[in-house]
Amino acid sequence: MNEDHKPLVTRREFGRTAAAASAAALVGALSVAEWRLIERNDRLRSAMRADVTGANSLEAHAAKRGLLYGAAVDPELLDVEGVAKGHTKDAYTQLVSAQTGILVAENAMKWRALRPALDRFDFALADRMMRFAGLTGKRVRGHNLCWHEALPDWFAGAANKDNGRKLLTDHIRTVAGHFRGQLQSWDVVNEAVEPDDGRADGLRRSPWLELVGPDYIELAFRTAAETDPQAKLTNNDYGIETDKPEEAAKRAQVLALLQRLQARGVPIHAMGVQSHLLAKGQQPGAGLQSFLSEVAGMGLEVYITEMDVDTTGVAGGTRARDAAVAKVYGDYPALVLADQNVKMLLTWGLTSANSWVNSRERRMKRFPDLGWQRPLPFDDDFAPTQAFWALRAALDQVPARV
Ligand code: XIL
């Protein structure tokens, strides 16, 4: 098991940690009493839980507008055998089945997951998700073929300027080849732009840039197109959503990258906007809207690929934080899906129990705001949160796709 696949801290565990830690170390965290209250409310709520499956699901409401709704999943948690036999009692599997029209592997298709060694691929986990998708009639996005993170531990010692191109193209041929014809789209390149790295072309100083040079992006797209001509080839990035000056600057550099690629005839079909949003502070607005129209004008589709809402810095208890999250789940889809060229929206997970926002690693980064968060449409008990209702209502208002 690598870092990516360590189970997240459970709420119970978190409660214990909170109880054990000194109050000073946990400024901003919920008190144990508050957690007990939430737990009681959760139980109450799930007892009177509304039916949000079938025609009442996010997927069905999105489909009515000609849109796809989906989520990132952990294939390890899917009861594929149960589904194959025609019945599963597993709540996570039921939730994923009921709510999504499209899936993406949260980690299982990344380099680190697929490549235990330089000369060995392991598709077991990813294939598990493909099997589930096949059984339940869901589409699948591939994530991702080329990224500066989630590289296996052996990578740094094995990759060099002599073999960099071959490493990248071999990987893409093998991985995109394995899933050929089965994926709606591939995030071919993830997070390629980083203005802070100070290059005139805006490119991140990633291992791929160092090993292959700036044309690694073109190489990745061309190899993916040769290998799986059916998948929509996507450039995926984050930090391009709000009107903060640094995000506006990054948007400009992403656009410039897309234009350079098109000018060179590189096969690229879509732009993924990750959409890891913060409830506090500046919200997405006019800058993103004009970015979306520019991308549409270039003939590229747009996908909202990884939406979730972090409540770092939001004052108040769970109720206030839930309201802040729900507000974003109402406003953001309304803003972006108003553009007919935005074809789908995926959240990065479905429940707070499985969200990376609540991972140990992320909570450490956000110190001292360490509270357990509810960044997704379902809570730890898989009951719909306010965000669910806000998102579903927003989907209902979206102009129907033609
Ligand atoms: C995250 C996963 O959610 C975590 O489980 C993992 O530890 C790190 O990666 N942008 C992306 C995703 O493109 O792949 C990241 O996923 C979140 C940010």
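## Phe 123 and Phe 179

Both Phe 123 and Phe 179 are buried (under 20% relative accessible area; over 50% is exposed, partly exposed lies in between; 1.4 Å probe, protein chains only). This is a predicted model, where local features need pLDDT of at least 70, side-chain atom pairs count only at pLDDT 80 or more, and totals for chains, interfaces and linings use all residues. Residues are numbered from 1 along each chain as its sequence is written, and side-chain values use heavy atoms, with hydrogens and water left out.

## Aromatic pairs

A pair of aromatic rings is described by the distance of the centres and the angle of the planes. Rings of Phe, Tyr and Trp (its six-membered ring) pair if their centres lie within 6.5 Å; planes under 30 degrees apart are stacked, over 60 edge-to-face, and the rest tilted. By this rule there are ten aromatic pairs. Trp 111 and Trp 208 make a tilted one, with 5.3 Å between centres and 50 degrees between planes. This pair links distant parts of the chain, 97 residues apart: Trp 111 is in helix H6 (residues 111-114) and Trp 208 in helix H10 (residues 207-212). Helices (H or I, at least four residues) and strands (E, at least two) are DSSP runs, numbered from the N terminus. Trp 111 and Trp 208 are both buried. Ring pairs also link Trp 111, Trp 154, Phe 155 and Trp 208 into a cluster.

Now back to the two Phe rings. The centres of Phe 123 and Phe 179 are 5.7 Å apart and their planes stand at 80 degrees, so the pair is edge-to-face. Phe 123 sits in the loop between H6 and helix H7 (124-136), and Phe 179 in the loop between helix H9 (164-178) and strand S4 (185-190), so the pair ties together parts 56 residues apart in sequence.

## Around the ligand

The ligand is surrounded by 13 residues; the closest are Glu 106, Lys 110, His 143, Glu 306 and Trp 348. To be near, a residue needs a heavy atom within 4 Å. The shell divides into three nonpolar, five polar and five charged residues.

An oxygen atom of the ligand is 2.4 Å from an N or O atom in the side chain of Glu 106. For Glu 306, the distance from a side-chain N or O atom to a ligand oxygen atom is 2.9 Å. A polar side-chain atom of Trp 348 lies 2.8 Å from an oxygen atom of the ligand.

## Asp 310

Asp 310 is found in strand S8 (residues 301-310). Asp 310 is buried, with a relative accessible area of 3%.

Definitions and conventions. A polar contact is a pair of N or O atoms within 3.5 Å; within protein, one must be able to donate a hydrogen and the other to accept it, and residues adjacent in sequence count only if both atoms are side-chain atoms. Ala, Val, Leu, Ile, Met, Phe, Trp, Tyr, Cys and Pro count as nonpolar, Asp, Glu, Lys and Arg as charged, and the others, Gly among them, as polar.
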